[in-house]
Amino acid sequence: MSEMKEYVSRIEEMGSVHISEDVVSSIAAVSAVEVEGVSSLAANLGSDIAGLLSTKKNLAKGVRLQMEEEGVVVDMAVLVKYGYAIQDVAKAIQDAVISGVEAMTGLHVAAVNVNVAGIAFGKLDR
């Protein structure tokens, strides 16, 4: 396996399973953007610069993972569509990310920290 990537490993009865952190981040990202009221993920400055320097498109540009003893901690930044209740959207994101990551990977999600980086207004009629 590549030394450049981080993997989440689980020892199973029939052998070990290694899941790239990129995979877990992508699952969290897709789960979040499918929530009604989410416009998109919001990238931080570091990932914006990395995106300019890399030809690889990163689906999980606003997602960071931390592996802790109690499970995976997901930090994400999102843009919420104008007109939606931010607290309701953030709670729905947390529920969707926990459900998606746990169902697809079998990993326990200890926390999902949602940072609302802005509001997306869409096109305004004039």
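Where is Glu6 found relative to β1? Glu6 lies in the segment before β1 (7–12). The model is predicted, so local features need pLDDT of at least 70 and side-chain atom pairs count only at pLDDT 80 or more, while totals for chains, interfaces and linings use all residues. Residues are numbered from 1 along each chain as its sequence is written, and side-chain values use heavy atoms, with hydrogens and water left out.

**Fold and surface**

- The chain has three helices and six strands; helices (H or I, at least four residues) and strands (E, at least two) are DSSP runs numbered from the N terminus.
- Read from the N terminus, the order of elements is β-β-α-β-α-β-β-α-β.
- Of the 126 residues in the chain, 33% are buried; buried means under 20% relative accessible area, exposed over 50%, and partly exposed in between (1.4 Å probe, protein chains only).
- Contacts (heavy atoms within 4.5 Å) between residues at least 6 apart in sequence join residues at least 24 apart in 62% of cases.
- The chain has an accessible surface of about 8400 Å², and carbon and sulfur atoms account for 53% of that area; accessible areas come from the Shrake-Rupley method with a 1.4 Å probe, and for residues only the protein chains shown count as cover.

**N-terminal segment**

- Beyond its neighbours within four places in sequence, Glu6 is in contact with Ile19, Ser20 and Glu21.

**Nonpolar core**

- The largest nonpolar core contains 26 residues; such a core is a set of buried Ala, Val, Leu, Ile, Met, Phe, Trp, Tyr and Cys residues joined through side-chain atoms within 4.5 Å.
- Residues with the most contacts inside this core are Ala28, Val63, Val74, Met76, Ile93, Val97 and Val101.
- Two or more core residues come from each of α1 (21–33), β3 (38–41), β4 (63–68), β5 (71–81), α3 (86–105) and β6 (109–120).
- Ile93, leaving aside neighbours within four places in sequence, is in contact with Ala32, Val35, Val38, Met76, Val78 and Val114.
- In soluble globular proteins, nonpolar side chains tend to be buried together.

**Salt bridge**

- The structure holds one salt bridge, defined as a side-chain nitrogen of Lys or Arg within 4 Å of a carboxyl oxygen of Asp or Glu.
- Lys91 and Asp95 form this bridge, with 2.8 Å between the closest N and O atoms.
- Both residues sit in helix α3, four residues apart, which is about one turn of the helix.
- Lys91 is partly exposed at 46% relative accessibility, and Asp95 is also partly exposed, at 40%.

**Aromatic pair and surface patch**

- One aromatic pair is found in the whole structure; rings of Phe, Tyr and Trp (its six-membered ring) pair if their centres lie within 6.5 Å, and planes under 30 degrees apart count as stacked, over 60 as edge-to-face and the rest as tilted.
- Tyr82 and Phe121 make up the pair, which is tilted, at 5.3 Å centre to centre and 35° between the planes.
- Tyr82 is in the loop between β5 and α3, Phe121 is in the segment after β6, and the two are 39 residues apart, so the pair links distant parts of the chain.
- Tyr82 is exposed at 60% relative accessibility, and Phe121 is exposed at 54%.
- Tyr82, Ile86, Val116, Ile119 and Phe121 form a nonpolar surface patch with about 480 Å² of accessible area together; patches are made of residues with over 30% relative accessible area and no salt bridge, with like charges joined within 9 Å and nonpolar side chains (Val, Leu, Ile, Met, Phe, Trp, Tyr) within 5 Å.
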